[in-house]
Amino acid sequence: MPSFRVSTPQGNYDALVERGSLRNVAEFIPKGAGKVFAVTTEDVWKLHGSSVASHVNEVLFFPGGESRKRLTEVETLADRMLERGADRSSVVIAFGGGIVNDVGGFLAAIFMRGVPVIQIPTTLLAQVDAAVGGKTGVNLAGGKNLVGSFHQPLVVVIDPDLLSTLNDREYRAGLYEIIKCGIIRDPDLFQLLDQCSPAVLAREPRTVDSMIAAAVRIKAEVVSADEREGDLRRILNFGHTVGHALEAETHYERFLHGEAIAFGMRAASCLAAQAAGLPAIDHESIDRVIAKYGPIPSLAGIRAEALAARLTADKKTIQGKIHFVLPTRIGEVRVLSGIDPRIVVESIKAALA
Ligand SMILES: NC(=O)c1ccc[n+]([C@@H]2O[C@H](COP(=O)([O-])OP(=O)(O)OC[C@H]3O[C@@H](n4cnc5c(N)ncnc54)[C@H](O)[C@@H]3O)[C@@H](O)[C@H]2O)c1
Ligand SMILES: [Zn+2]
């Protein structure tokens with residue numbers, strides 16, 4: 001089974017990518033563990049809970065949605081764990097999309113100062129991104145993911161069979177993060193997404209499994225080299241600087257995260273063509289591949305200046321300096337700061353057109 005080692009100062013673990021792996025979750029629950037708590041949403045539990053139910057003692061339902069990804073919900077879940085007999089030997093299984101992975105992971109990080117978590121991501125986005133790397137957390141009124149903790153899981157169990165019930169829009173949103181992986185580090189993956197788009201869109205199992213494995217390998221490598229957002233981990237933020245601005249500008253309602261990142265990658269690629277020497281031919285192929293998995297919702301009414309103004313407020317901004325992750329060719333990126341703000345606005349305008 002394809003398995004990717006994640007090595008961090010906090011601990012080492014595997015991210016497994018295999019169809020049917022969901023049924024083997026029991027083997028990852030430590031011997032001598034106490035009660036096992038699944039944190040999930042009702043929709044996911046209804047669709048897929050039966051495969052893990054026999055390994056779980058208690059199911060805790062989280063309402064789901066970005067607006068509920070808040071500290072107060074974590075407190076409610078922690079209270080319910082305690083009511084149902086949790087102690088320091090308990091284990092949390094976060095079973096759902098990226099929101100559940102973040103909330104369940106954070107709950108595990110802070111419950112009695114930390115209990116182990118097993119991540120079982122059920123959306124494509126969560127499988128290739130959110131569940132691997134140990135970042136957990138919730139939103140504040142003032143911004144996304146501003147309270148959280150690094151809490152590495154015992155294991156990440158990635159079962160592509162789970163994706164059969166994912167709707168088309170959520171599936172495509174996850175694909176954009178895989179395109180991102182190709183652009184930052186893997187020309188072969190990028191080529192697969194370019195040449196095999198019918199198979200990718202039809203969710204042909206062999207193609208899907210190989211692209212998930214490629215993306216997970218990249219995330220595992222990058223996180224292992226750099227657990228905490230130093231220069232290497234930053235490359236995963238390609239498309240996210242402008243993407244986050246778009247999400248915030250539209251109050252997290254109009255675009256799914258992956259869709260906003262698709263737009264952010266388009267803007268960053270325009271910028272890269274002007275400021276980082278991205279060859280025109282590579283710029284064109286990036287736009288072409290992103291378009292193959294679109295369209296994203298309409299960008300009507302969004303102003304480049306408004307997005308640019310939001311960049312300085314991004315969490316990724318360090319001491320007022322905006323860092324852009326820019327491709328220099330397919331498979332390679334550089335982190336640049338101090339770019340002329342006029343070029344930034346121009347690039348956003350070009351991506352909006
Ligand atoms: N921690 C990280 O490193 C990291 C990285 C990327 C994103 N994130 C976070 O992930 C979140 C977004 O995650 P998401 O895109 O998975 O959204 P999500 O968790 O809201 O899931 C999307 C929807 O799909 C449903 N769903 C989940 N699995 C399904 C399945 N198998 N079949 C049918 N429906 C299913 C969910 O209930 C939900 O309604 C954001 O909050 C983002 O901040 C975290
Ligand atoms: Zn992302």
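Which residue forms a salt bridge with R169? Here are a few friendly notes on that pair and its counterparts elsewhere in the model.

1. The partner is E259, and the closest N and O atoms of the two residues are 2.7 Å apart. Please keep in mind that this is a predicted model.

2. R169 is partly exposed, at a relative accessible area of 34%. E259 has a relative accessibility of 2% and counts as buried, because the cut-off for that class is under 20%.

3. Another pair to look at is R19 and D209, whose side chains meet in a salt bridge at 2.8 Å, N to O. This pair links distant parts of the chain, 190 residues apart. R19 sits in the loop between strand 2 (11-17) and strand 3 (36-40), while D209 is in helix 8 (residues 205-225). Both ends are partly exposed: R19 has a relative accessible area of 27%, and D209 has one of 23%.

4. R68 and E73 also form a salt bridge, with 2.8 Å between the closest N and O atoms. R68 is partly exposed, with a relative accessible area of 36%, whereas E73 is buried at 13%.

Notes. Residues are numbered from 1 along each chain as its sequence is written. Chains are lettered from A and ligands numbered from 1 in the order in which they are written. This is a predicted model: local features need pLDDT of at least 70, side-chain atom pairs count only at pLDDT 80 or more; totals for chains, interfaces and linings use all residues. Side-chain values use heavy atoms; hydrogens and water are left out. A salt bridge is a side-chain nitrogen of Lys or Arg within 4 Å of a carboxyl oxygen of Asp or Glu. Helices (H or I, at least four residues) and strands (E, at least two) are DSSP runs, numbered from the N terminus. Buried means under 20% relative accessible area, exposed over 50%, partly exposed in between (1.4 Å probe, protein chains only).
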